[in-house]
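This briefing concerns a single protein chain and is intended to be read alongside its sequence and coordinates. Please consult the display below before turning to the notes.

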Amino acid sequence: MRSPVFRGYAIVYLIFLYAPIILLPLFAFNDSKVIAFPLQGFTTAWFVEMWQDTTLWNAVRNSLTISVSVAVISTLLGLFAARSSTRFNFPAKAGIMGLIMLPMVLPEMILAMALLVVLLAVGIELSLLTIILGHVLICTPFAVAILSSAFQSLDRSLEEAAYDLGETPLSTFWLIILPLVMPGIISSLLICFTISLDEFIIAYFLGGTDTVLSVYIYGQFRFPAKVPAVMALGTVLVLLSIALLATAEYFRRRGIAKAGGKDTGGFL
């Protein structure tokens with residue numbers, strides 16, 4: 001039985017959650033440096049200002065380098081972990097998988113401080129590399145979750161049939177299993193890329209003198225005249241995030257359908 005109370009609660013919750021995002025494009029196109037109502041008029045000047053900011057493009061370049069690296073490394077690690085957990089039994093399996101997934105539930109502030117202390121103690125200079133290490137730590141559990149779902153939906157008889165036809169475990173994985181889980185791999189790459197691109201706390205703690213996009217945006221809010229350009233940048237990032245998440249969800253659902261599994265819910 002559907003309750004109108006719960007439906008109303010869901011609507012109010014969604015409005016509260018997404019109203020700030022809806023305000024981004026409104027003020028990005030508003031012809032005023034003051035972020036307030038009423039709106040003054042339509043302009044694209046803030047997007048032009050954003051486009052001409054060389055510091056911004058340096059931060060974007062650093063963020064893209066980090067996000068692509070993190071997406072590839074996290075997906076590779078997630079691929080190995082997911083394959084092992086869904087196909088094989090080994091000692092302390094539950095404990096090991098629990099440790100892998102632990103960063104998913106730990107506060108990022110705690111992780112960032114712990115990583116900072118460890119890196120400084122061993123004498124590693126803070127740079128883009130240290131940000132990549134921190135982001136891999138928090139993105140790998142998401143890759144494991146996505147790829148575990150992809151491996152669990154596989155029909156084991158396909159693998160057994162390949163063995164019966166003379167294929168080795170390596171060739172079976174490369175020729176049979178990997179193409180079937182490829183939508184999950186693509187989904188993992190996109191999700192990890194998005195998480196790394198948006199992440200702030202670890203980038204702020206471990207970035208040193210290298211500026212990334214999230215830290216750049218945080219710093220710009222100290223200057224009121226820069227806020228409209230940041231709103232324009234936020235609009236672009238929201239659209240990019242939505243596109244990446246929608247693409248990841250498309251490939252996730254495609255992978256489940258291709259393997260003949262049942263979709264029990266996803267990101268969207």
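The model is predicted. Its protein chain contains 11 helices and 0 strands.

**Overall fold**
- The C-alpha atoms of the protein chain occupy a box of roughly 70 × 60 × 35 Å along the principal axes.
- Of the 268 residues in the protein chain, 39% are buried.
- Among contacts in the protein chain with a separation of 6 or more, 69% join residues 24 or more positions apart.
- The protein chain has an accessible surface of about 15,500 Å², and carbon and sulfur atoms contribute 71% of that area.

**Helix 5**
- Helix 5 comprises 14 residues, 108–121, and its span of 20 Å from first to last C-alpha is close to the 20 Å expected at 1.5 Å a residue.
- L111, A112 and L119 are buried in helix 5; they lie on the same side of the helix because they cover an arc of only 95° around the axis.
- Cover for the buried residues of helix 5 includes helix 6 (128–152) and helix 9 (201–206).
- The exposed residues V117, L120 and A121 sit on the face of helix 5 turned away from its buried side.
- After helix 5 comes G123, with a positive phi near 80°.

- F37 counts as exposed because its relative accessibility is 54%, where the cut-off is over 50%.

Technical notes. Residues numbered from 1 in each chain as written. Predicted model: local features only at pLDDT ≥ 70, side-chain atom pairs only at ≥ 80, totals over all residues. Heavy atoms only, no water. Buried < 20%, exposed > 50% of the residue type's maximum accessible area, 1.4 Å probe, protein only. Helix = DSSP H or I, 4+ residues; strand = E, 2+ residues; numbered from the N terminus. Expected span 1.5 Å × (residues − 1). Arc of directions from axis to C-beta. Contact = heavy atoms within 4.5 Å. Areas by Shrake-Rupley, 256 points an atom, 1.4 Å probe, with all protein chains shown as cover.
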